[in-house]
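Please consult the sequence and the model as you read.

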Amino acid sequence: MKWTEGIDKLGLGLYFLLCIFAIANIYSVDQKLGEKQLIFFCISLFVGLIIFVGRSKFFENMAGIIYIGGVLLLIGLFPFGKEILGQKNWYKFGSFTMQPVEFAKIGTALMLANYVSSPDFNLKNRKSLLTALAIIGIPAAVVLMIPDVGSMLVFIAFFIALYREGLSGLLFGIGFIFAAVFLIALAIPPVYVAVAVLLIAGVLIAMNYHRMSWDIITISGIAGSVLLLCGLAFGSPYILEKLPKHQRERIEVLYKGEKAFRDTSGYNLLYSKTAIGSGGLTGKGYREGSVTQGKFVPEQETDYIFCTVGEEWGFVGSAALILCYMVYIGRIYYLAEGQKSTFNRVFGYCFASILLMHFSINLGMVMGLFPTVGIPLPYFSYGGSSLLAFSMMTFIFFKLNYSDKNSLV
């Protein structure tokens, strides 16, 4: 049919597959929650239909209003938010709850795409760069103050979109180095880390001595960076000690193992690994998992839903799910790269990168490779806010892609 030309059937097919498989797994954990998730899915499809029949330019024209609305919803959490599990990041309306950070990500993606696609934008211009960073930084700072460290980390996804548009990869390298120094200094004496920083800096300077212009700015920059890294090395244990007990233990679990905190922060991870490992090659069968049915893992229907897949569907089912996510995310990047419109391309990169961050952090979390930070698995974790927000981004992007493919320009 002619009207279906431009609809990406592979992308939408994977979206439906992930959502339906998710509902089945949530139903396995809790029948009532599975039924509620099905209702959320139907609502998401209805909203998606409205998005798809609307004008694609609506999102470009309304990006600023949607962005401001998302930031205001985040700020409103301070006086009106409901505290759940130690975090005041929910609005509660009777029996329904809403997590505004999920919708703030949509606003940020639209606003960033709108700004980057403007005629005057140039990443080599300091004003353009600072404005783009402010668009990302304002909601990220509010989320950090809530505090919701996990959701704040997802805002790194927007830098991937900026990198595609010309942002220097040096920022990623600097961020990685600072994160590595912080984490390593928690495992070995900080003085050793500081000495290693000085030695590595010395070697790099010696190797590039004749290629560098040794003016006051270069010397100050190198000296300042080395001092900051050494200071971070010595400050890491102090920073860790000042964190709230549950956050400190979640980091310490990575170094001491979940068994050392089996009655506190390591409990979820211990039983999550047990569930995944007990699934074997092909799993125990649908609704046959002893850990799943025994409800040993708290938040098993939300952040730790992947352990249900591991126990009931085994390595084969888990690998198939991971492959679906990889193909789906790769497909969105591929479609985004082929867009004629800069706005469409940047939004597509933002969307794919948000999915990538959620997917990577969540799987790393349930397998003990990353601290528990409360990040849902896209489309899969139980929750109306998460499913609706991801579905809205899905249909916005596929609507933009549909319009792009049917454009004569």
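## Lining of the second largest pocket

The lining of the second largest pocket consists of 19 nonpolar residues, 5 polar ones and no charged ones. Here Ala, Val, Leu, Ile, Met, Phe, Trp, Tyr, Cys and Pro count as nonpolar, Asp, Glu, Lys and Arg as charged, and the others, Gly among them, as polar. Helix H10 contributes the most to this lining, with 8 residues.

## Basis of the model

The model is predicted: local features need pLDDT of at least 70 and side-chain atom pairs pLDDT 80 or more, while totals for chains, interfaces and linings use all residues. Residues are numbered from 1 along each chain as its sequence is written, and side-chain values use heavy atoms, without hydrogens and water.

## Helices H10 and H11

Helices are DSSP runs (H or I, at least four residues), numbered from the N terminus. The axes of H10 and H11 come within 8 Å and cross at roughly 145 degrees; axes are lines fitted to C-alpha atoms over the stretch in contact, and angles run from 0 to 180 degrees between N-to-C directions.

In this contact (heavy atoms within 4.5 Å), Val181, Ile184 and Ala185 of H10 meet Pro190, Val193 and Val197 of H11. The residues of the contact comprise 6 nonpolar, no polar and no charged.

## Cysteines

The whole structure holds 0 disulfides, a disulfide being a pair of cysteine sulfur atoms within 2.5 Å.

How values were computed:
Helices (H or I, at least four residues) and strands (E, at least two) are DSSP runs, numbered from the N terminus.
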